[in-house]
Amino acid sequence: MQTGDPLARGLCEPGTWIGFDLETTELEPGAGIPSGITCAAAGTPDGTVGHWYGRGSDGRPTPTMGRAQALGMLRWLRHWQQCGHRLVAWNGAGFDLQLLGVVSGCPQLAADVMWELYDPMLQVLWQRGFPVGLARAAEGLALRVAKSMDGAQAPAAWLRGEHGAVLEYVAADVRMTIAVTEAIEARGELRWVTRRGTVAVEPMPALRPVRELLALPTPDQSWMREPIPPDGPVAWALAQASLPAAVSVA
């Protein structure tokens, strides 16, 4: 966090959801992930959000987050995770934590966080065979939350010095992630708006951490032209030394 820990007061009860998200530099052609992080945020269900980003000698945000800020965020996430809280990020297993591991220089710590992460997008990939976008899930669940800008605009906006707008955008994504996660947990199902405009439903009687998803049967993807392997998003972490033992989810 930039100053203190404003989320601490919302983390009095074990098991509280902590949502997080980050914004990045533009993706270079042919690259798997962006080369840098511009800013990041984490929040709790009470609506409180804290931010991470670099600061120059003049106190203004820097173009990208440095190693120290990325490592600080990873350590913060792991601390609250080990205190019994539930971290959730939409596509966080395959994207956010992978990039935090690269920028921080500590992919092992990022992997440790990832195994205990809740990632509803990864869960629907394992159950249904394809991912679902956060905004489509929010719409399908009839939640009154919306993105404040197109995510593709965020890298350029940050470089133009529109830091407040980008910080507001990443905070809104964090709040949307928490709202969608709580709705899934309350209803026992994920609902989303398809490309055809219809509402699809996938039962989710329990949200599972990543380590449990890897023990689930793989979905039928025989009907797809270019299926995404369910374990593909976490391939970056499978080579880390502390891969957890598979657990039974029967």
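In this predicted model, the side chains of Arg 208 and Glu 212 meet in a salt bridge, with a nitrogen-to-oxygen distance of 3.4 Å. The two partners fall into separate accessibility classes, since buried means under 20% relative accessible area: Glu 212, at 18%, is therefore buried, whereas Arg 208, at 22%, counts as partly exposed.

This pair belongs to a set, for the structure holds 6 salt bridges. Another of them joins Glu 116 to Arg 211, whose closest N and O atoms are 3.1 Å apart. That pair links distant parts of the chain, with Glu 116 in the loop between α3 and α4 and Arg 211 in helix α8 (residues 210–213), 95 residues apart. Glu 116 is partly exposed at 28% relative accessibility, and Arg 211 is partly exposed as well, at 24%. A further salt bridge connects Glu 189 with Arg 191, the closest N and O atoms lying 3.3 Å apart; here Glu 189 has a relative accessible area of 22% and is partly exposed, while Arg 191, at 27%, is also partly exposed.

The packing of helices can be taken next. Helix α2 (residues 92–104) and helix α3 (residues 107–115) pack at an angle of about 150°, their axes being 8 Å apart. Because angles over 145 degrees count as roughly antiparallel, α2 and α3 are described as roughly antiparallel to each other, and their crossing is right-handed. On the α2 side, Ala 93, Leu 97 and Gly 101 meet Pro 107, Ala 110, Val 113 and Met 114 of α3. By class, this contact has 6 nonpolar residues, 1 polar residue and no charged residues.

How values were computed
Residues are numbered from 1 along each chain as its sequence is written. This is a predicted model: local features need pLDDT of at least 70, side-chain atom pairs count only at pLDDT 80 or more; totals for chains, interfaces and linings use all residues. Side-chain values use heavy atoms; hydrogens and water are left out. Axes are lines fitted to C-alpha atoms, for helices over the stretch in contact, and angles run from 0 to 180 degrees between N-to-C directions. Helices (H or I, at least four residues) and strands (E, at least two) are DSSP runs, numbered from the N terminus. Angles under 35 degrees count as roughly parallel, over 145 as roughly antiparallel, 65 to 115 as roughly perpendicular and the rest as oblique. A crossing is left-handed if the near helix is turned anticlockwise from the far one by less than a right angle, and right-handed if clockwise. Contact means heavy atoms within 4.5 Å. Ala, Val, Leu, Ile, Met, Phe, Trp, Tyr, Cys and Pro count as nonpolar, Asp, Glu, Lys and Arg as charged, and the others, Gly among them, as polar. A salt bridge is a side-chain nitrogen of Lys or Arg within 4 Å of a carboxyl oxygen of Asp or Glu. Buried means under 20% relative accessible area, exposed over 50%, partly exposed in between (1.4 Å probe, protein chains only).
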